[in-house]
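Subject: Structure for you to look at

Hello,

I am passing on the structure we spoke about. Please have a look at the sequence and the model first; my notes come after them.

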Amino acid sequence: MIRVAFQTLRARWVSFLGTVVALVLGVAQVAAMGVLIMTMLDLPDRPVERFAEAPAVVQASDPDWDPAHHDLGIRSLAAAQGISAELSEKVAATGETVVDRAFYAQIEGGPADQVGHPWPVARFGGYDLADGKEPSGAKDVVVPSDQARTGDKVTVLTASGVEQYTVSGTVSPVGWEDAVFFTDAEAARLSPRIESLVALGPVADVRAAVGDSAAVLTGQDRHKADASEAADRETLDNTITLVPVMASVAGTTAIFVVASTFAFAVVQRRREVALLRTVGATPKQVRKMVRNEALLVGVVASAVGTVLGLFGAQLLADMLIAMDISPEWFTVEPSLHWTVLAPLAAAFLVGLLVAVGGAAAAARRAGSIRPIEALREASVDDTGVTPGRALLGVIALVGGVGWTAWIAIASPTSVLSPTVYVVSLMVPVLAAAVLAPLVVGPLTKLLMLPFRGASGPTAMLVRESALTSRRRTAATAAPVLLTVGLAFSLLAATDSLGAARDNGLQNRVSSQYALAPDGTPGISPQVIERVAAIDGVHIAAPILTTVYTKDENRYEENDGLVVDPVALKKTMDLKIIDGSLDDLDDNSTAVADLWGMDVGSELAVEMPDGERVELRVAATYKALRGEDVAYLPQRFAPSAVYARDGLARRAYITLDNGADHAAITAQIRKAVAGDGAEFMTRDQLVASESAYARHLTEVRQRSTAVIIMIFCFIAILNTLLMATADRRRDLAVLRMAGATPKQVVRFFVAESLLVSAIGVALALAATAVNLTGLWGALLQLFGTTPIVVPYLIVIAVAVVSTLLAVIGTVLPVGAALRARTVQFLGSRE
């Protein structure tokens, strides 16, 4: 039957064109994303930057610490505490050492990621004085030559405050950091934590002195001490998180489209298969022929798809770079390396499995075709619903609704995880696609009701054509359903979740005003103190630190916020479950309910600066995962420069009742002017916070939606072209019955509009299920919150889908009308 299958493909290439195109695109997607993921497992070595001229670098580290298993920005306890004085003395005994400190130091108006270092370490990063001299006094600094000139007075923002310095010299800018250099003593005052040591003694002696207490970095490993190492890890983590989600959603969509397209191709050939049965082909031989056709199609399409995927991987990488997801240096190059060949081979096998698997149901259906069907004059498909299809439809319906109900009731936090929730949104949409043949009849009758009184035969013909070819109608409506349904669900879920977070933040913040960073990564505690000194002002400025709790032989880390308890009560509306914020003192804390601790229990913690303390739990509050922090007394503020940068990410301000708002707000604006903080209302803060917090989620879900829509748009055009091109007999019958070319085109356009309407209707039903589940989940998490629908975008997607369906219909009809009617009734039929 291989020979028969090959001859069939040659003779009926139009019927299989849609399957080939769908499979090529699906394999290309899988191949491109697979190559992208595998490339990240074998990234090229990044050049050493800050310590390129250093023979060895001693850096505090925990050998059991894997950054991939921890939130970005979190340091291990060893790294937070830095190099101890004892270890410094041991390394100094091996030869000359240079102390390096890395801390927040930003020239007013400079880049937000600017960093401070002691001057002696500059030479190891290739810095050379371009002008002036090295810093010698406490108020001297050396800065890049593109930011100031020698002799200038500059304002430098640090976690210790905002101070004036004199530029003693300048260095040529480097591409990998913006640094401000201080004297050793001034750097030690601003940052007591020692980041690392440059050891100039014999490396063997250095390793012996250090032992297991720290890491000795040499060669390429010195890059681990560069700030770009953490930045690269963040962007690569974002890529690793996003690409599998995109791959799973796009891959599932591709598999469904390919399977349905192949099944549709078999439906189109019912009379042809029946003729084979008439001349003696057994059901087994027919099934084998269909499987062989699928195998041949799969081999060709998978081969083409893997080649396209290989070169498309860089296009996908470029798209991720443009969206600030992947680092700018990230490239994918064709090679014979296993990281390239393995995903290509996997994509090829996936293509074969999808083709053969997609044809399995079609092969069974083809084997059941009776010889008598060859005698039918009309190419009418079987409009009855088989028990198997009905069972599958019921399972899909129960599965889609049940899955959504489970998320809404039992697992509402699933909506907060894009990785999980994006895939979950597909379940009702795919269920609607499975149910399509069962509901095409009722939907057709419903949608055609307004046209029952229409003059002319077009409406009646369109209605009857859809009703007598339900499988064809369902197959051609499926791509529209997938496009609109997935786009609608993804975009509405993204916007609704963002609105819910906005409401949650707005309800949690009870202050009237706030401070937010203005071109800086945070607000200096000195600025907070200046505002707090204004009469009638209560300000809560949580400073981010880390608390470490020991669990058997390892430490677990959690975020901690250092804040004034009195101001916290006046500015934040925490949902207290047990205890009271009134009981917060220097030896207590308030923790989230997720921590599972009781009020009055003791929490043993170690702070980033090395202090060990037992804190009494004074209160517990309700929080979502990711917002569960420990509120700590202000005596722990010095630990923040060890854990992070020592800055407040925001500040909440409440004024006394009866206070002169105009006068006090003017004082606040004057107090923060030029110091990296912006005074704003609470609503302005909520808007800026929400825009930042949901950026990555929106990028993930919208980029996934874009890829799905591109694939589905092609599938719409492809399926309609394939379906209409095979209906030459229908077109000929219309022409023989006296229909003019214009009337024929009108009929096929009207039919494509009906198909699109059926797809959109099913998409709306699936999206309604998704959004109902989302509403239930958000209700539990955030309270009453609106469902936000991006109507303009959704309408645009539906309109484009409909236009593509019309184009996919008009093109083959127009081509056919240019031939003589008799050609469609001849032996070539």
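This is a predicted model: local features need pLDDT of at least 70, side-chain atom pairs count only at pLDDT 80 or more; totals for chains, interfaces and linings use all residues.

Strand β12, residues 513–517, is joined to β22 by five bridges in the antiparallel sense. Within that pairing, L515 is found opposite F679 of β22.

Two packed helices are described by the angle between their axes and the distance between the axes. For α13 (residues 426–448) and α14 (residues 458–468), the angle is about 170 degrees and the axes are 9 Å apart. An angle over 145 degrees counts as roughly antiparallel, and α13 and α14 are therefore roughly antiparallel to each other. On the α13 side, the contact is made by V440, G441, T444, K445 and M448; on the α14 side, by A459, V462, R463, A466 and L467. Sorted by class, this contact of α13 with α14 has six nonpolar, two polar and two charged residues.

A residue in α13

V429 also lies in helix α13. With a relative accessible area of 1%, V429 is buried, because buried means under 20%. Leaving aside residues up to four places away in sequence, V429 touches L481, L482, G485, L486, S489, A766 and N770. V429 and T483 are 54 residues apart in sequence, while their C-alpha atoms are 9.6 Å apart in space.

Helix α4

Helix α4 covers residues 85–92, and its buried residues are L87, S88 and V91. Viewed down the axis of α4, these fall within an arc of 105 degrees, so they line one face of the helix. The face turned away from the buried side of α4 carries A85, E86 and E89, which are exposed. The cover over the buried residues of α4 includes the strands β1 (56–59), β2 (97–100) and β10 (196–199), together with helix α6 (203–210).

Regards

Definitions and conventions
Residues are numbered from 1 along each chain as its sequence is written. Side-chain values use heavy atoms; hydrogens and water are left out. Two strands pair if DSSP finds at least two bridges between them. Helices (H or I, at least four residues) and strands (E, at least two) are DSSP runs, numbered from the N terminus. Axes are lines fitted to C-alpha atoms, for helices over the stretch in contact, and angles run from 0 to 180 degrees between N-to-C directions. Angles under 35 degrees count as roughly parallel, over 145 as roughly antiparallel, 65 to 115 as roughly perpendicular and the rest as oblique. Contact means heavy atoms within 4.5 Å. Ala, Val, Leu, Ile, Met, Phe, Trp, Tyr, Cys and Pro count as nonpolar, Asp, Glu, Lys and Arg as charged, and the others, Gly among them, as polar. Buried means under 20% relative accessible area, exposed over 50%, partly exposed in between (1.4 Å probe, protein chains only). The arc is that of the directions from the helix axis to the C-beta atoms.
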